Amino acid sequence: MGLFRTIASTLILIIFVYVSHQLTRFADFTWRGQTLVIAFLALLFSMVIGSFLFFWKEKHLDHRPWRDRLLNGALLGMAYINFLVSFVILRDIVAFVESFIPLTSVENLYSSQATAALLGLPVLFMALGNFVVQVGPRLKKVPLHFENLPRGLEGLKIVHVSDLHIGTTLPVSFVKKLVDRIHEIKPDLVVFTGDILDNFVEKHQTELTLLKNLRAPHGIYYVPGNHEYYWDAAKSMQAFRDIGFQVLINQVANVTVDSSHLQVAGIPDPAGHHFQHEGPDLPRLQSSLDEKSFKILLSHQPSLASKVQKLGIDLQLSGHTHGGQFFPWNWLIVFFERYSKGLYRLGNMRLYVNQGTGYWGPQVRLGTYCELTEIVLRKDSKTE
Ligand SMILES: [Fe+2]
């Protein structure tokens with residue numbers, strides 16, 4: 001982990017040099033203004049690097065109000081830097097284009113006023129992004145039509161939760177809101193597709209007690225995401241079993257609904273391999289699948305879809321991508337993830353990617369929202 005920290009810190013430092021240079025070098029600031037901007041950026045960047053080095057050590061992750069506030073502050077600093085760097089790059093791109101096609105409207109691009117606006121704009125973006133998170137989980141209804149749906153499964157209501165990231169920055173009230181909203185939906189089945197717990201389980205008993213209140217007549221199913229493995233995955237999985245979730249590690253649950261057969265299968269995140277746990281084992285899973293049942297597979301990573309499709313799965317439910325979570329990643333995500341959010345069709349299989357019910361890191365979402373999905377199965381040949 002030492003190497004990772006060194007690389008990450010060096011990267012942050014390089015970004016600092018680039019941003020400070022671009023913000024001050026060409027602007028018509030007085031020396032005082034210039035010093036102020038650089039001092040502000042230096043403070044912000046050192047807070048982010050410092051907290052990053054400090055908090056990465058597990059022993060510093062216990063809840064203490066000042067540490068939680070410091071971590072939240074550093075993560076907000078990270079969000080500010082993210083927006084600022086994006087704007088600085090965008091300004092440079094516009095200036096580059098302007099050097100070929102002179103645009104009268106952008107001639108003062110590097111004035112001190114423009115630079116001051118550039119420094120203020122991230123605050124506005126963060127406020128908007130924080131508002132999106134404060135709203136809490138937003139319901140998205142997704143009706144899915146299948147020709148081969150067994151009669152008994154017509155109208156089956158599945159609630160899909162993914163990437164909640166229970167940890168220091170997710171308030172308990174968010175989990176409470178989520179549980180209340182799921183109760184209102186009255187689902188037949190609830191599925192959790194990983195990255196639900198992103199910290200040591202001992203520190204989040206309150207949230208787990210809230211999740212324990214969830215009820216669904218045909219069960220609550222869970223598969224781990226990559227983030228569960230960064231902590232104590234064995235303990236997390238046991239904790240989920242203890243609150244009544246069926247943890248599916250290359251396993252299949254057989255459910256009968258009005259004499260129709262449904263199989264809910266689950267694979268763990270490939271990160272399991274790197275943490276001395278089981279990774280996805282599709283041949284093993286296949287041996288438990290049966291031809292006649294309607295088959296739903298839970299996989300944190302949507303990228304496994306093409307392999308999953310070969311198993312004759314009808315519907316894969318995934319998460320992981322967060323839809324990019326905030327600008328500019330909500331646009332750039334398509335370059336990193338083939339299936340970034342929403343519904344996809346692979347042959348006869350449907351893949352649905354939830355863009356994350358919670359959020360990772362700073363309490364900010366922009367260009368995406370906290371999604372709670374309600375999937376209703378329908379029997380007919382209509383395409384969505
Ligand atoms: Fe996640």
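**Strand units, salt bridges and surface of the predicted model**

Strand β3, helix α6 (residues 205-212) and strand β4 form a right-handed β-α-β unit. Right-handed here means that, with the strands pointing away from the viewer, the path from the first strand over the helix to the second runs clockwise. Helices (H or I, at least four residues) and strands (E, at least two) are DSSP runs, numbered from the N terminus. The model is predicted: local features require pLDDT of at least 70, side-chain atom pairs count only at pLDDT 80 or more, and totals for chains, interfaces and linings use all residues. Residues are numbered from 1 along each chain as its sequence is written, and side-chain values use heavy atoms, with hydrogens and water left out.

Six strands form an open sheet of mixed pairing, in the order β1-β12-β2-β3-β4-β5. β1 (138-146) and β5 (246-247) stand at the edges with a single partner strand each, so one side of each has no neighbour in the sheet. Two strands are taken as paired if DSSP finds at least two bridges between them. Strands of a sheet pair through backbone hydrogen bonds, either parallel or antiparallel. β3 (residues 189-193) and β4 (residues 220-223) run parallel and are joined by 4 bridges. Within this pairing, F192 has Y222 of β4 as its bridge partner. On the other pairing of β4, 2 bridges connect it to β5, again in parallel. Here Y222 stands opposite V247 of β5.

β4 is covered on both faces. I220 and Y222 lie on one side, Y221 and V223 on the other, and all are buried. Buried denotes under 20% relative accessible area, exposed over 50%, and partly exposed the range in between (1.4 Å probe, protein chains only).

β7 and β8 run parallel and share 6 bridges. A265 has L297 of β8 as its bridge partner. β8 also pairs with strand β9 (residues 315-318), in the parallel sense, over 3 bridges. In that pairing, L298 stands opposite L317 of β9. Strand β8 (residues 294-299) is mostly covered, with 6 of its 6 residues buried. F294, I296 and L298 point one way, and K295, L297 and S299 the other. In a regular strand the side chains alternate between the two faces of the sheet.

S260 is part of strand β7 (residues 260-267). Its relative accessible area is 8%, so S260 is buried. Neighbours within four places in sequence aside, S260 contacts P150, R151, G152, L153 and V255 (heavy atoms within 4.5 Å).

The structure holds 4 salt bridges. The criterion is a side-chain nitrogen of Lys or Arg within 4 Å of a carboxyl oxygen of Asp or Glu. Side chains of opposite charge can pair when their charged atoms come close. One of the salt bridges links R378 and E154, at 2.9 Å from N to O. R378 lies in strand β12 (residues 371-379) and E154 in the loop between β1 and β2 (157-161), so the pair ties together parts 224 residues apart in sequence. R378 is partly exposed at 33% relative accessibility, and E154 is partly exposed at 38%.

K235 and E202 form another, with closest N and O atoms 2.8 Å apart. K235 is in helix α8 (residues 233-242) and E202 in the loop between β3 and α6, so this pair ties together parts 33 residues apart in sequence. K235 has a relative accessible area of 43% and is partly exposed. E202 is partly exposed at 45%.

A further salt bridge joins D180 and K176 (3.1 Å, N to O). Both residues lie in helix α5 (residues 172-185), 4 residues apart, about one turn of the helix. D180 is partly exposed at 33%, as is K176 at 40%.

A nonpolar surface patch comprises I89, L90, I93, V94, F96, V97, F100, I101 and L103, with about 810 Å² of accessible area together. Patch residues have over 30% relative accessible area and no salt bridge; like charges are joined within 9 Å, and nonpolar side chains (Val, Leu, Ile, Met, Phe, Trp, Tyr) within 5 Å. Areas come from the Shrake-Rupley method with a 1.4 Å probe; for residues, only the protein chains shown count as cover. I93 sits in helix α3 (residues 65-100) and is partly exposed at 46%.
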